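Hi,

Here is the model I promised to pass on. Have a look at it first, and my notes on what turned up follow below.

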Amino acid sequence: MANIDVETILKGKYPAKAHAKRVVEYVRAKVPDATGVLYVEGQTEKMIEDCDEPVPFRQRRAFMYLTGVDLAGCSLIYDMETDTSSLFIPPVDPESVIWSGLPLSPQEALEKYDVDVVLPSTELNPTLARLGGRSDKSTIFAIADRVSTAVTFLEFTNKNFSVLSEAIDECRVVKDDYEVALIKKANEISGAAHRAVIENAKKVKNEYELEGVFIGSCLRQGAKNQAYPSIVASGQAAATLHYVHNDQDLGGKDLLLLDAGAEWRTYAADITRTFPISGRFTEQSRAIYEIVLEMQTKCIAMLKADVPWEEVHLQAHRTLIDGLLSLGILKGDRKEILESRTSVAFLPHGLGHYLGMDTHDTGGHPNYADPDPIFRYLRVRMALPEGSVITVEPGIYFCEYIIRPYLENPKHSKYIDENVLNNYWSVGGVRHKSRVTNHNRIEDNLLITKNGSINLTDVVKDPDELEKLIQGS
């Protein structure tokens, strides 16, 4: 997989039946000797309230995983006994053809998707009745609250609405070659768009212009959907981790944080870069940037199958502590600072998350009630399996709202030199009467392999190269 031939891999079909078999294995591990069928529904088209325009379509991820079908109003039956996938698609509606054209025909769907049978949705209930009456031992496995009222499971003696959603969520963690190629393709498109933004940073006046550059680049490469709303944050705007206003003027600002990623056939990229709008880091902003880059470099070096993600996260904090000690912002014993969790004041979020069909993908088992603040917002709490894709996104933030309580708490204040800290509040923004936020985050997408990892993200992050790119040299 070191050299991922994206275009060749994606010429094939999305491996829906392989996913179904994996899900069945998980179900049978939870429900021994399980037999019967899996049933999943896709998303239906919905209309905007008080309007005849549709809500932007987003396929249900469970249905996508078992079909690869990104069409509205479809359903799937997977027969566990015969290993047969039956896709049900809406029949032709003569009234809608004039507006929307002819829909995909059953034969076209059979050729396009990894299924065995394609039938009109009018055949769904008769098929369920036939399969349910086949044996008293048959079970219908479906997802609670994801079954239309018109669908009936009356012929099934046994019904299970709990295990299928869990099974799909857990199986989605490990990606096959096709899924990795989709994520790599999303990264290639997003990487080119990030570069376009960096190259245009000095040429525009407002954040929304750079958002337009990013989205325009994605569209030109064929990616019509974004994986999530872009974050184009200059100065203190980057204090908000999920800032989406993207409407502030760039004038007088030092750094810009761009957190943006395209979606390719439902699979996401999630990339963050921080760079100087002027084309030159200040002494202080470069010092912080280089610490964040070292945090990421050391964390990536730890990655391989079965490494505990908590240990990688702790490495990020250790490197942060070393860096801020070297600048004099922190003081005291390195081990004591980590044990006191004082570093959480500067890195309040988790190191990363699984990536796939969702930007924050399933299966990470976070514990947001964890009393330990260093792990509370860590989205993955497990050893990383081979084939998983995870983001590595360390950051350093100087947000007074977050840091002030630490400065007022003797447990933490003894480790922070406020006089030195005062020199860093304005890095990344314009100093106003109230202190603003220094922000720095770098994020790449990593495929976990048996003995290491493969970085799927190829966007410049060396500070010298970033400066050259912004300056057009």
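**What I found**

Val-392 stands opposite Asp-444 in strand S16. Helices (H or I, at least four residues) and strands (E, at least two) are DSSP runs numbered from the N terminus. This is a predicted model, in which local features need pLDDT of at least 70 and side-chain atom pairs count only at pLDDT 80 or more, while totals for chains, interfaces and linings use all residues. Residues are numbered from 1 along each chain as its sequence is written, and side-chain values use heavy atoms, leaving out hydrogens and water.

Back to the strands: S13 (residues 389-392) and S16 (residues 444-448) run antiparallel and are joined by four bridges; two strands pair if DSSP finds at least two bridges between them. Val-389 and Thr-391 point one way from S13, Ile-390 and Val-392 the other way, and all are buried (under 20% relative accessible area; exposed is over 50% and partly exposed in between, with a 1.4 Å probe and protein chains only).

The largest nonpolar core has 127 residues, and Leu-324 is among those with the most contacts inside it. Such a core is a set of buried Ala, Val, Leu, Ile, Met, Phe, Trp, Tyr and Cys residues joined through side-chain atoms within 4.5 Å. Helix H8 (residues 177-200) gives the largest share of this core, eleven residues. Apart from it lies another core of twelve residues, including Leu-124 and Phe-153.

Leu-324 touches, among others, Ile-288, Ile-291 and Phe-346, not counting residues up to four places away in sequence (contact means heavy atoms within 4.5 Å). Ile-288 and Ile-291 are among the buried residues of helix H10. The 20 residues of H10 (residues 283-302) should span 28 Å at 1.5 Å a residue, and its end C-alpha atoms, 29 Å apart, agree with that; the expected span is 1.5 Å times one less than the number of residues.

On the aromatic side, the count comes to eight pairs. Phe-153 and Phe-156 form one that is edge-to-face, 6.5 Å centre to centre with 90 degrees between the planes. Rings of Phe, Tyr and Trp (its six-membered ring) pair if their centres lie within 6.5 Å, and planes under 30 degrees apart count as stacked, over 60 as edge-to-face and the rest as tilted. Phe-153 is buried at 8% relative accessible area, and Phe-156 is buried at 2%.

Enjoy the structure!
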